[in-house]
Amino acid sequence: MKFSVAVLPGDGIGPEVTQESVLILDEIGKLYGHEFTYAYGPVGGVAIDSFGTALPAETAKIASKADAVLFGAVGGPKWDDPSAAVRPEDGILGIRRHLKLFANLRPVQVYPELLEASPIKPDILKGADFLVIRELTGGLYFGKPKKRWETKTGRQSVDTLKYSETEIRRIVRVAFELARGRRKLVTSVDKANVLETSRLWRQVATEVASDYPDVAIEHMLVDTAAMQLVSNPKRFDVVVTENMFGDILTDEAAVVSGSMGMLPSASLAGIPDLDQGKRTRGLYEPIHGSAPDIAGKGLANPTASILSAAFMLRYSLSLGTEAMAIESAVAEVLREGYRTADIAEGASDHLSTVEMGSQILRRIR
Ligand code: NAD
């Protein structure tokens with residue numbers, strides 16, 4: 001089959017890790033008889049330098065036309081001035097908006113070989129394997145009014161936390177659909193003891209659950225969830241939550257796995273129905289940033305980006321077998337002891353970005 005992929009490498013280590021993913025996709029193409037064509041576009045700081053905007057219209061067009069988007073990372077000290085009119089992050093926010101991506105997926109899987117790399121005790125962590133789904137377009141980050149004003153007694157400000165039934169329903173459905181292909185437990189996280197939006201969230205989540213009698217639902221307060229993620233991560237299968245809770249919980253969940261260089265993510269514009277082979281538009285990126293401290297040194301771990309490419313095959317291109325081939329190759333490389341510096345735990349012997357990419361590539365069958 002033929003697929004077009006928009007490749008937006010961005011800044012810092014973005015281009016280094018994304019290049020490895022492209023090579024992996026080429027290998028998948030060769031072995032499984034697919035043809036991937038790539039359209040490259042500038043985004044983030046490099047786009048600001050050349051076009052004065054973090055998301056040039058041409059890049060947005062490339063992304064819209066493609067079957068899926070492979071994204072690197074944006075940002076860096078060069079563009080860090082807080083008073084700047086344009087910022088690299090506008091690139092990722094802009095493209096999410098442009099492609100109407102509303103569901104952010106971050107799987108957290110702990111490889112037995114990397115148990116020691118996590119700050120959490122190995123016996124608590126062993127076997128943890130869950131997926132966090134965060135709503136991306138609503139909630140406190142976007143609600144209006146959002147402003148600051150002066151009063152006689154000092155400054156005041158307001159942000160607005162607002163969710164519609166439709167927004168809640170569509171994200172909770174993503175969780176249930178994906179739970180069907182996993183261990184069939186959805187944990188819906190809210191703060192229903194205090195927040196009205198959370199009470200609506202809980203009610204709608206319960207309604208959606210009745211359409212999925214084969215999947216169990218539990219409701220959990222966000223404070224309890226924050227505690228359970230580090231004290232008993234094994235209890236989770238699919239966690240679904242609103243924008244800000246998700247922002248915080250997904251970073252906490254990242255710590256569980258031990259390294260930023262290992263975790264992929266997907267942002268989707270629709271509900272994937274894997275049984276029906278239904279595709280959805282999506283953007284796939286490692287969860288890490290542009291890591292300016294190691295950029296250009298060949299030290300970046302390409303695994304998160306490569307696993308993001310696997311995600312892309314599964315959710316946007318309906319190539320589940322091919323996705324698994326990449327995931328198995330990553331697991332094999334780790335089992336055989338190959339490590340980049342970030343997961344080498346003090347060992348002097350470690351692979352470069354390109355070497356790690358090649359080891360994974362060689363094990364794809
Ligand atoms: P970061 O994720 O770039 O780096 C945090 C730490 O993890 C650094 O020590 C880095 O060297 C290490 N690290 C990250 N990815 C790695 C990899 N693949 N292999 C090995 N080590 C890795 O976060 P930061 O330092 O807070 O941010 C740097 C820049 O990235 C900032 O400009 C920030 O705004 C931006 N950022 C962008 C995104 C994105 O594009 N989606 C996400 C987060 C941060």
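# Notebook: loops, domains, spaces and a helix

**Entry 1: two loops.** I began with K184, which is partly exposed, with a relative accessible area of 34%. The model I am reading is a predicted one, and I keep that in mind for every value below. I found K184 in the loop between α6 (165–180) and β8, and I noted that its phi is near 65°, a positive value in a residue that is not a glycine. I then turned to K100, which lies in the loop between α4 and β4. K100 also has a positive phi, about 55°, although it is not a glycine. Is K100 buried or exposed? I looked up its relative accessibility, which is 62%, and because exposed means over 50%, K100 counts as exposed.

**Entry 2: a cis bond.** I checked the peptide bond from K144 to P145 and found that it is cis, with omega near 5°. I placed P145 in strand β6, which covers residues 143–151.

**Entry 3: the two domains.** I next looked at how the chain is divided, and I wrote down domain 1 (1–111 + 266–365) and domain 2 (119–257). The contact between them takes 19 residues from domain 1 and 23 residues from domain 2. When I looked up the centres of domain 1 and domain 2, taken over C-alpha atoms, I found 24 Å between them.

**Entry 4: the second largest pocket.** I then went to the second largest pocket, whose volume is about 460 Å³. It is lined by 20 residues, of which R96, R106, E285, I287 and H288 are the closest to its centre. The largest share, four residues, comes from α4. Sorting the lining by class, I noted eight nonpolar, five polar and seven charged residues.

**Entry 5: the cavities.** I asked how many cavities of 30 Å³ or more the structure holds, and I found two. The largest cavity has a volume of about 60 Å³, and its lining includes L161, Y163, W201 and F245. By class, I recorded six nonpolar, three polar and two charged residues for the largest cavity.

For the second largest cavity I noted about 40 Å³ of space. Its lining is made up of Q109, V110, Y111, L114, S257, M262 and L263. Here the classes come out as five nonpolar, two polar and no charged residues.

**Entry 6: helix α11.** I followed helix α11 from residue 320 to residue 335, which makes 16 residues. From its first C-alpha to its last it reaches 22 Å, close to the 22 Å expected at 1.5 Å a residue. I marked its buried residues, among them E322, A323, I326, V330 and L334. After α11 comes G337, whose phi is positive, near 95°.

**Entry 7: A331 within that helix.** I picked out A331, which is found in helix α11. A331 has a relative accessible area of 18%, and because buried means under 20%, A331 counts as buried. I also looked along the chain to Y111, which is 220 residues apart from A331, and found that the C-alpha atoms of the two are separated by 7.4 Å.

Entry 8: L25 is buried, with a relative accessible area of 0%. Which residues does L25 touch, leaving aside its neighbours within four places in sequence? I found contacts with F36, Y38, L70, A309, M312 and L313. I also compared positions with I326, 301 residues apart from L25 along the chain, and the C-alpha atoms of L25 and I326 are separated by 9.2 Å. I326 is itself among the buried residues of α11.

Notes: Residues numbered from 1 in each chain as written. Predicted model: local features only at pLDDT ≥ 70, side-chain atom pairs only at ≥ 80, totals over all residues. Heavy atoms only, no water. Expected span 1.5 Å × (residues − 1). Buried < 20%, exposed > 50% of the residue type's maximum accessible area, 1.4 Å probe, protein only. 1 Å grid on protein atoms, 1.4 Å probe; cavity = no way out; pocket = protein on both sides within 12 Å on 5 of 7 lines; lining within 4 Å. Points joined across faces, edges and corners; volume = space filled by probe spheres on them. Nonpolar A, V, L, I, M, F, W, Y, C, P; charged D, E, K, R; others polar. Domains from an automatic or database assignment. Contact = heavy atoms within 4.5 Å.
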